[in-house]
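Work through the exercises below with the sequence and the model in view, and try each task before reading its solution.

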Amino acid sequence: MTSASASVRPARLAPLYAAGFVTAFGAFSVAAGLGATGEEIGLSLLRIGVLLALYDVAEVLLKPVFGSLSDRIGAKPVIVGGLLAFAVLSLLGLGADNALLLAGARLGQGAAAAAFSPAASASVARLAGAGRAGRYFGRYGSWKGLGYTLGPLLAAALIAVGGLPLLFGVLSASAGAVAVWVAVALPAIPPLPRPRYTLVDLVKQTTDRRFLVPTIALATSTAVLGASVGFLPALATADGADLVSAVAIASVLAVTLTVVQPWLGGLRDRGLLSDRAGTVLGLCVTATGVLAAAMPWGPGGLYLAAVLIGAGIGLVTPFAFAALADSTPPERMGRTMGSAELGRELGDSAGPLVVGGVATVATLPIGLAVLAAIAVAVAVGVALTPAKAGPAPAG
């Protein structure tokens, strides 16, 4: 953390929360829109799958790169540049009847989000100050959760009025407006002197347990999120629920995730839960929710499972990010956050693959049970990892 953070009013972080909303809104709204209307505009299922994957592929490849760039030149220009790029490249989606333009828009959005997302996380860490990281990461995660919640709903409304071009136009305008807000209102966060790192230093830093343990916890919780959003509605449909009731389960999960994060992050800042205890408890609650979803309780049980999963992920996220912030030297906060975001993206991809793969050879409830077992195993690993005080190695 930097000494400048002590003078930053909480409202000055609001543009960062808006940036988090934009990345979540952009990811989920277009994914939902393409899934719902792709075949109507002549896209095959394979092309829809490729278009959906392009966003995540760009994020996986570029988040650590842009995180390191924010350490070198400062986080604010990277956030503003990423948001402006998101606004400009989203305009390619105005030609939604052309698959190549859609691919360019989706890839460009993912690359732009890879720029401003880790830089925004690093800025939250730098500006929060000592003893407030849990609260502010909770608020940041809450606004991202709001983007996850509203994304599909707003996509449906916008597409009903003006098709995919209107959705991309709104995304472009939103990103442009937030870019201006960040440029005007966000305090300057100057880069700090950085020592020269060797490859050996990089290996030490990325394998240090103060980085590795929170990142694995984040990847696990995000794997559960990715799988739950897709498979809980599928279970509800199989149990006889109508489409609206089935989709509402994912919304309940996202709303829970949005509501609980600031409050749970505050518990961490007040010293009521340690980082390890909060992370372990969150993973266990998440696993309990996944097991509840695997039980044959019908749609009502799935709503309870969604609440438990949302609460568990809402506990892991601010605790793990705050632990990363507290253990990372400020001069490489961007790279650390970019690498942690990479872990989350990999988890987001792996969760549905694990559940879907097991369900193919067994059943969907067994696939969910395997995912719950993985979450429990990670919780045990976190609980048994020896504590290590002080900042992570600076090389």
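**Exercise 1: a threonine in a helix**

Thr-23 lies in helix H1 (residues 14-37), where helices are DSSP runs of H or I with at least four residues, numbered from the N terminus. The model is a predicted one, in which local features need pLDDT of at least 70 and side-chain atom pairs count only at pLDDT 80 or more, while totals for chains, interfaces and linings use all residues. Residues are numbered from 1 along each chain as its sequence is written, and side-chain values use heavy atoms, with hydrogens and water left out.

Task: Decide whether Thr-23 is buried or exposed, and list what Thr-23 touches.

Solution: Begin with the relative accessible area of Thr-23, which is 5%; because buried means under 20%, exposed over 50% and partly exposed in between (1.4 Å probe, protein chains only), Thr-23 is buried. Next, take contacts (heavy atoms within 4.5 Å): leaving aside residues up to four places away in sequence, Thr-23 touches Tyr-55, Glu-59, Ala-113, Phe-116 and Lys-144.

**Exercise 2: a methionine in a loop**

Task: Find where Met-295 sits, and classify its accessibility.

Solution: First, Met-295 is placed in the loop between helix H9 (275-294) and helix H10 (298-327). Then, since its relative accessibility is 40%, Met-295 counts as partly exposed.

Notes
Helix = DSSP H or I, 4+ residues; strand = E, 2+ residues; numbered from the N terminus.
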